[in-house]
Amino acid sequence: MSTHAQAHRERRDIVSGEVMDEDRLIRFVAGPDGVVVPDLARKLPGRGIWVAADRASVEQAVKKNAFSRSAKTKLAPPPDLADQVETLLTRRLLDGLGLARRAGVLISGFEKTAAAITSGRARWLVEATDGAEDGRRKLLALTRRAPQAPELFGVFTSEQLGLALGLENVIHTAFLAGRVAERWTADVRRLSGFRPLLPASWREEPVTGDGA
């Protein structure tokens with residue numbers, strides 16, 4: 001059994017009662033003052049309280065204070081807890097991109113990104129939200145012919161990507177397939193429960209099949 005497979009554990013969502021993989025849940029702990037704190041890295045001390053990784057579930061847990069019931073003690077979940085989770089997940093994903101670049105598994109620039117897609121090595125096509133439509137459409141056309149089509153991620157601006165990667169004018173990046181990408185993907189899946197992964201305008205863009 002692989003290390004990745006061994007790491008998977010199941011927990012019970014305190015809102016629905018459903019038992020599911022940890023990757024589909026957010027872990028919370030009680031802080032010293034009784035405030036509920038998100039623990040996205042699952043490393044904080046204390047008994048974990050688990051909620052499905054989506055905005056509706058976290059908001060329901062806050063509204064009904066399911067945290068107190070689960071912990072069997074009075075806890076104070078902040079009303080903006082779902083927003084806190086979204087912010088923390090966003091930060092984790094940006095940090096993950098920086099780590100991936102330092103590990104040599106994230107490449108940037110149109111030509112290099114296109115080559116990674118064409119060869120089937122790209123797990124994710126990470127596009128700046130404020131990048132020009134033309135370049136994005138050309139890369140998306142390549143994904144439809146790739147042996148392994150990457151998924152598209154469009155949450156960060158060029159400035160955010162540049163700060164994370166220590167580069168300037170970052171528009172097109174490819175996250176190469178592998179263990180690092182799969183760890184990042186788990187956080188992407190969790191973020192998708194709190195916000196769209198693509199701007200609405202991208203879904204309305206015309207599709208070109210020739211990359212021209």
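Ile107 has Ala174 in strand 9 as its bridge partner. The model is predicted, so to speak of local features requires a pLDDT of at least 70 and of side-chain atom pairs a pLDDT of 80 or more, while totals for chains, interfaces and linings use all residues. Residues are numbered from 1 along each chain as its sequence is written, and side-chain values rest on heavy atoms, with hydrogens and water left out.

Strand 6 and strand 9 (residues 172-176) run antiparallel and are joined by 3 bridges. Two strands are taken to pair if DSSP finds at least two bridges between them; strands (E, at least two residues) and helices (H or I, at least four) are themselves DSSP runs, numbered from the N terminus. These two strands belong to an open sheet of 4 strands with mixed pairing, in the order 6-9-7-8. Strand 6 (106-108) and strand 8 (151-153) each have a single partner strand and stand at the edges, so one side of each lacks a neighbour in the sheet. On average, neighbouring strands of this sheet are turned by 25° against each other, direction ignored.

Helices accompany this sheet. Helix 5 (residues 110-118) lies across strand 6, strand 7 and strand 9, and runs at about 35° to strand 9. Helix 8 packs on the sheet and touches strand 7, strand 8 and strand 9, its direction making about 50° with that of strand 7. Contact here means heavy atoms within 4.5 Å; axes are lines fitted to C-alpha atoms, for helices over the stretch in contact, and angles run from 0 to 180 degrees between N-to-C directions.

Aromatic side chains come next. Rings of Phe, Tyr and Trp (its six-membered ring) pair if their centres lie within 6.5 Å, and planes under 30 degrees apart count as stacked, over 60 as edge-to-face and the rest as tilted. By this rule there are 6 aromatic pairs. One of them joins Phe28 and Phe67 edge-to-face, at 5.3 Å centre to centre and 75° between the planes. Phe28 in strand 3 (residues 25-30) and Phe67 in helix 3 (residues 66-71) are 39 residues apart, and their pair links distant parts of the chain. Phe28 is buried (under 20% relative accessible area, with exposed over 50% and partly exposed in between; 1.4 Å probe, protein chains only), at a value of 0%. Phe67 is likewise buried, at 0%.

The rings of Trp124 and Trp184 lie with centres 5.8 Å apart and planes at 80°, so this pair is edge-to-face. Because Trp124 lies in strand 7 (residues 122-127) and Trp184 in helix 8 (residues 179-191), the pair ties together parts 60 residues apart in sequence. Trp124 is buried at 1% relative accessibility, and Trp184 is buried at 3%.
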